[in-house]
Each structure stands twice: as structure tokens, then as C-alpha cells.
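Me: I would like to learn how to read the strands, surface patches and salt bridges of a protein model. Please take one feature at a time.

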Amino acid sequence: MTSTTSSLSPEVKQLLSNMTLEEKIGQMNLYNGFWEVTGPVPASSLSRKKYSDIQKGNVGGMLNVWGVEEVRKIQQIAVEESRLGIPLLFGHDVVHGFKTLSPIPLAEAASWDLAVIEKAAQVAAREATASGINWTFAPMVDISRDARWGRVMEGAGEDPYLGSLIAQARVKGFQGNDLSAPHTLAATAKHFAAYGFVEGGKEYNTADLSPYNLYNVALPPFKAAAEAGVKSMMVGFNLLNGQPLTANRFLQRTLLKETWGFEGFIVSDWATIQEMETHGFSASLKDASISAANAGTDMDMEAFAFVNYLQEAVEAGKVPMSVIDDAAGRILQVKWELGLFDDPYRYCNAERERMEVYHPDHQEAVLDMAKRSMVLLKNQGNVLPLSPAQKNIALIGPLAADKNSPLGSWRIASDDGTAVSVLEGLQAMTNQVTYEPGPALFTGTPSFTQPIVINE
């Protein structure tokens, strides 16, 4: 196994030498948010465990915690109450903007404008870092050619060459030229690898790829992201040729870390280590944790696998100590490069949060991105663009008046109802609009309590 020891800063090497096995494994543990810090300390046993683990230095990062007040309070627990005071990473799905939203990534890709795509990622990074986030689970660089896969909106489309260029542009936009600058954050290329080829477009499913398609279609955007210096990679939920990605030693350790020379860390997707039981690959979560760590997964997202089972596995000789040192060192190095050891609260400036979020410059930048992303395949009779002189415009359909759907999917931090609807946009241009909602969208669950009568 190739170690990152030679690439670690002297400060990280010294810290690593002072850490216990439990504390090193703690860096490999990523928890979801669990506590509104303005309220009382959580009472549930699960929340209590997470709180206690932060106090003991047994957590490397948190996800889905944002806002300066929330982040500062939890960071204080890690820095001021744990033995070594190691700061946390705060991760979030900043996919196409934080509060100010850009078009969905698939629409951005339709612009073919790499400079503007990079600018959109910069805007997202500025707002996210102003709100306490220092790590994003983006860009998604999966190539997919099956429109049934619901996550096609999150990527750059079907072409590995364009996808590779866009992967690099987004990594550069998020991370900038100086990761310690307060307006940049660590990026994550996901989902390593071939997640976009799941059969039938079904999430968590299996993918069956020939070596040709793996190396020439699925992998190039990830290699491009690695060459751009991306700080983390995320493994996917799926099986690849019969093996869970989380246990794929060849992809994670041999190809990514050794052959490509990737110096960042690998994080699981949500409980993917636990998913290895569901796939029938591992007999237990303990077995899954051993397989994942040995394969090269450095951080466990919300499966409670590493934090509960790795110490026992190391002491039993089932996971080498070098695996733990390598994983913890990679994670600590990213924290050091972000400047968190110099100032754990560098992303916790309330005045900056107030100034940056929804800044007019950000609004202008994403509007420019939106204009460049528009694709018109055919304009028969020069119908578009509509003009104020146009008479008797009929607008039909429930989404035409909707103020959420134009914001796009995968927008966790955005504010609902903030889009300009199609109806509002037309009404601002002309009073010649007749609107009819038409049939309502079905958003509930079908009921089969009534008998079904079939007339033959």
C-alpha cells in the first residue's frame, strides 16, 4: 500500500504521531447533523452518542450543518472540549449554488462555456464558505447515457471529454488557487466510479461495464478531477461487475491512490459501507468496515462502521495500522490545507455571511450562466423570443405558476418559493397572458383500498 506520509506537512506528521488509535479512527468518522444548537443538548441515545464522540475527538467531520452560528457552536465542541482540539470538516451538497442558485449542472454543461461554469462554482463556494461550509460533495462527474437515472441533472451529460473539462472547471471554481483562502472549499468528485451506468437507471443498483467503457467513458472525468487537485473522492452505492464500489480495492487503492497519485481522501456515500450487507457482499457491518478500510475508503459517512469496529479490527490484525495512518493522514492534510489548524473558525464570520449570501454580483453571475445555458433546438416561424407586442398568449400547466420547480433539484440550502415563475415572467412583459393551470400534478401515494372493476 502506498502511504501519503511523504506528502504530509510536518505539522500533520507531528499531530499524527501524538494521536491514539481511537483518535485516528475518529478522523475517519463522518456524522450527519443532529442538533439545533440554539436548543438543549439532544436527549436521544443516538444524538447523545454523536455529541459525546465529538467531545472525545472521535469525529472527523459533519454534514448538513450550515450557518455561522450552527457551525461555530459545533466546531467549539471539537476544538475546545476534545483532547487534541482537531477541527471538523463541514460538508454539504453545494451542487449548483448555495442560496443563490445557478442552473442545474446538466443545463450549465449545455453552455459549453468552461469559464462561466467555473465562475458559477466560485459563486457557490463564496456563499457556502460564508455560511460555515468548507467542503462540498460536488462536482458529480458521472457519465450517464440512461435518462431514467434520476441524477442525470447533477452531471455534465453523456460525453466523457466534455465531462472531463467541466469536472476540472468545477474543481478549480470550488477550490481556487489557494485552498486556505476563506472563500474556497474542498471539492469532491463523485461517485467513483460508473454509478451513472446502473442498470435500468435504478439507484443503488448494479453496473456491468466492459473494460473499454470503464476506461474510456466512466473513468476519464475522475482522472481529470484528480489531475485538477480535487481534495476528495466519493465512492458510489452501486456494484460494479459484481463487487460493491466501497470494497473495490483495485479502483480505490491501486488505480486512484497509487497509479493516479491521488493525495486526497476517499469518503463513502451515505451509509454505503452498510449497503454492502444489503448487496450480500458482507455478512455484517463489522465485516463491511474491514473490507471498506482495506479497499481504500478513508471516511465513513453515517454508517457507524469505522467508529464502532475498526479499533477491534486493527487490534485483531485484520486491518493494518498503516491503513489507519494513511486514511487519518489524508483527512488531516486537507484540514491543514484549508487553514483550519491556524483558525478553526475561519468560516464563521457572521458579517461575511450577511454580506455574501444573495449578493447582487452573485445574482448577476448566475443570470449570465442561465442565459448561456439555454438551448433552442428549433424556432419554427420565429416564435421566440416573445415580444411585448405579442397578443393573446395562452399559458397552460400547473408548473407555469410554480416558484419552486425552476430552482432545480438538489438544492438543500436554498429558500423555497424564490424563483420567478414562468407566469410571473410573462406577466412582467405583457398583459396579454391567459393562464390555465390544467390538471393538477399528482404528488401523493395511490390508494388501492377501493375495489378495481374491470369491464370485459
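The dialogue below goes through these features in turn.

Me: What should I know about the model before reading values from it?

Reply: This is a predicted model, so local features need pLDDT of at least 70 and side-chain atom pairs count only at pLDDT 80 or more, while totals for chains, interfaces and linings use all residues. Residues are numbered from 1 along each chain as its sequence is written, and side-chain values use heavy atoms, with hydrogens and water left out.

Me: How do I read a sheet, and what is the strand order in the open sheet of three strands?

Reply: Strands of a sheet pair through backbone hydrogen bonds, either parallel or antiparallel. Two strands count as paired if DSSP finds at least two bridges between them; helices (H or I, at least four residues) and strands (E, at least two) are DSSP runs, numbered from the N terminus. Here the order is β5-β7-β10, with parallel pairing. β5 (188–192) and β10 (265–267) are the edge strands, each pairing on one side only. From one strand to the next the twist averages 30°, where axes are lines fitted to C-alpha atoms, for helices over the stretch in contact, and angles run from 0 to 180 degrees between N-to-C directions.

Me: How many bridges join β5 to β7?

Reply: Four bridges join β5 to β7 (residues 232–235). T188 stands opposite S232 in β7.

Me: Which strand is joined to β12, and how does the chain get there?

Reply: β12 is joined to β13 (residues 433–436) by four bridges, and the two run parallel. L395 has Y435 in β13 as its bridge partner. The chain passes from β12 through helix α17 (residues 422–429) to β13 in a right-handed β-α-β crossover. Right-handed means that, with the strands pointing away from the viewer, the path from the first strand over the helix to the second runs clockwise.

Me: Which residues make the nonpolar surface patch?

Reply: Patches are made of residues with over 30% relative accessible area and no salt bridge; like charges are joined within 9 Å, nonpolar side chains (Val, Leu, Ile, Met, Phe, Trp, Tyr) within 5 Å. Areas come from the Shrake-Rupley method with a 1.4 Å probe, and for residues only the protein chains shown count as cover. L376, V383 and L384 make a patch of about 260 Å². L376 lies in the loop between α16 (360–373) and β12 (393–396).

Me: How many salt bridges does a search of the whole structure find?

Reply: A salt bridge is a side-chain nitrogen of Lys or Arg within 4 Å of a carboxyl oxygen of Asp or Glu. The search finds 26. One of them joins R83 and E23, with the closest N and O atoms 2.8 Å apart. R83 lies in the loop between α4 (68–81) and β3 (89–92) and E23 in helix α2 (residues 21–27), so the pair ties together parts 60 residues apart in sequence.

Me: Is R83 buried or exposed, and what of E23?

Reply: Buried means under 20% relative accessible area, exposed over 50%, partly exposed in between (1.4 Å probe, protein chains only). R83 is exposed at 53%, whereas E23 is buried at 9%.

Me: Which residue meets E424 in a salt bridge?

Reply: K403 does, at 2.9 Å from N to O. E424 lies in helix α17 and K403 in the loop between β12 and α17, so the pair ties together parts 21 residues apart in sequence. E424 is partly exposed at 33%, and K403 is partly exposed at 27%.

Me: Which residues are linked in a network of salt bridges?

Reply: D93, R151, E154, K190 and E203 are linked in this way.
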